[in-house]
Amino acid sequence: MRTIALLLAYDGTDFAGSQWQTDVRTVQGAIEAAWEALTQEQRRIVLAGRTDAGVHASGQVAHVQTATRHSLATIWRGLNAHLPTDVTVQNVGEAVRDFHARYSAIEREYRYVIDCAPAPLPQLRHQALHYAGTLDVTAMATALKLLEGTHDFAAFTTATPSQRSTVRTMYWTRIVERVWFDRRLLAIELAANAFLQHMVRMIVGTLLLVGRGRMTVDQFGEVLAGRDRRLAGPTAPAHGLTLTAVRYPPGLIRWVEPLERQQGATKVEQPSSYVHEE
C-alpha cells in the first residue's frame, strides 16, 4: 500500500461543501469518483480541512491509501482527466506511510477577499464579497492583531459536539491590497494551527463592524475575551473565502513538482499588519 498526497484547488460555488454527503455534490465525492474511474479502486479520500458550501480552495491537501501501481505523473494527469472543471489536482506526491492530511498538518491559511468598489464586478461575484463603502483598514488591521497567539475563539464559531476545545493558536494575520481584474481588493489573511467551524467568516463579519465604525478595536478585543458568540458580528458570506495553504513538517511528502510555497515549511515570516501590494 502507498500513501498518495494530492494538492487540490476548487471553486466551491456549485459544491455543497468539501466533505462527502449523501445525494449532494461535494469535493470529496468528485475526487473519489475520479479516483475509482482511474484506478478501479473504491477508496476514501481524506481532506486536510473541511470547507463549507461556497468556500473555495487553492491549497487544499488530501491523501489516499492505495495499491495502484500508477506513477505519480499518471495519477496527476488521470485524475484531472476525470474531474469536473471546477476542481483540479495541482500536484501529486508520495507521502510517508503514516501521513494523514488532517492530523499531520501543523498550519492552515485562509484568505477572505472584499471588493469595496461602488459597483460589483460580475467576474468576482463568486470570489469576493462586495461592500460599496469606505472601510477603516487601519483599525481593522489593529483589531486583527489581537487574534495572534493562543486564545479561546469560542466567540467566533458555531459550537458543535466535535469541537472539544475552542482554543487555537493564530500564527499571523494581515490585511493586504491585491489587484485582480484591474481592481484593488482587500484581502484578510490568517494562519493558525487549526480553525473552528465558520471561524474565519465570523472574524471577518466582526472586522467589518470595526471597519464601518460600528465597533471599536477595544470592543473587538472584548468580543474575543468574552468568548460569547452573541457579542460578535454576523457570519460573512462563504463565497469570499479561500483555503490557500496547508503546511506540514518537512519530509512527509515528496511532491512531483517543487511548490512555490513549500508544504514543509515550519516557520512563516511575520508579515506586517497592513501591506499594500501591486
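Predicted model: local features only at pLDDT ≥ 70, side-chain atom pairs only at ≥ 80, totals over all residues.
Local features need pLDDT of at least 70 and side-chain atom pairs count only at pLDDT 80 or more, whereas totals for chains, interfaces and linings use all residues. Residues are numbered from 1 along each chain as its sequence is written, and side-chain values use heavy atoms, with hydrogens and water left out.

**Stop 1: the two domains**

Select residues 2-104 as domain 1 and 107-243 as domain 2; these bounds come from an automatic or database domain assignment. Taken over C-alpha atoms, the domain centres are 27 Å apart. Domain 1 brings 15 residues to the contact and domain 2 brings 11 residues, where contact means heavy atoms within 4.5 Å.

About 960 Å² is buried between domain 1 and domain 2, and carbon and sulfur atoms give 48% of that. Buried area here is the accessible area (1.4 Å probe) that two parts lose on being put together, summed over both. Now select D52, V55 and H56: they supply 46% of the area that domain 1 buries against domain 2, more than any other three residues.

**Stop 2: salt bridges**

A salt bridge is a side-chain nitrogen of Lys or Arg within 4 Å of a carboxyl oxygen of Asp or Glu. By this rule there are 15 salt bridges, and one is found across the interface of domain 1 and domain 2. Select D52 together with R201 to see a salt bridge with an N to O distance of 3.4 Å.

Next, select R25 and D86, whose closest N and O atoms are 2.8 Å apart in a salt bridge. R25 is in the loop between β1 (2-10) and α1 (27-39) and D86 in the loop between α2 (72-82) and β4 (87-95), so this pair ties together parts 61 residues apart in sequence. Helices (H or I, at least four residues) and strands (E, at least two) are DSSP runs, numbered from the N terminus. R25 is partly exposed at 35% relative accessibility, while D86 is buried at 15%. Buried means under 20% relative accessible area, exposed over 50%, and partly exposed in between (1.4 Å probe, protein chains only).

Move to R174 and E189, which form a salt bridge of 2.6 Å, N to O. R174 sits in strand β8 (residues 167-180) and E189 in strand β9 (residues 183-192), 15 residues apart. Both ends are buried: R174 has a relative accessibility of 18% and E189 one of 3%.

**Stop 3: helix α5**

Select residues 217-226, helix α5, and pick out its buried residues F220, V223 and L224. Seen down the helix axis, the buried residues of α5 fall within an arc of 95 degrees, so they line one face; the arc is that of the directions from the axis to the C-beta atoms. They pack against α3 (137-145), β7 (149-152) and α4 (199-211). On the face turned away from the buried side are the exposed residues D218, E222 and A225. After α5 comes R227, with a positive phi near 55 degrees.

**Stop 4: the cores**

A nonpolar core is a set of buried Ala, Val, Leu, Ile, Met, Phe, Trp, Tyr and Cys residues joined through side-chain atoms within 4.5 Å. Select F156, I188 and Y248, the residues with the most contacts inside the largest core, which has 79 residues. Helix α4 gives the most to this core, nine residues. Domain 1 (2-104) and domain 2 (107-243) both contribute residues, so the core lies between them.
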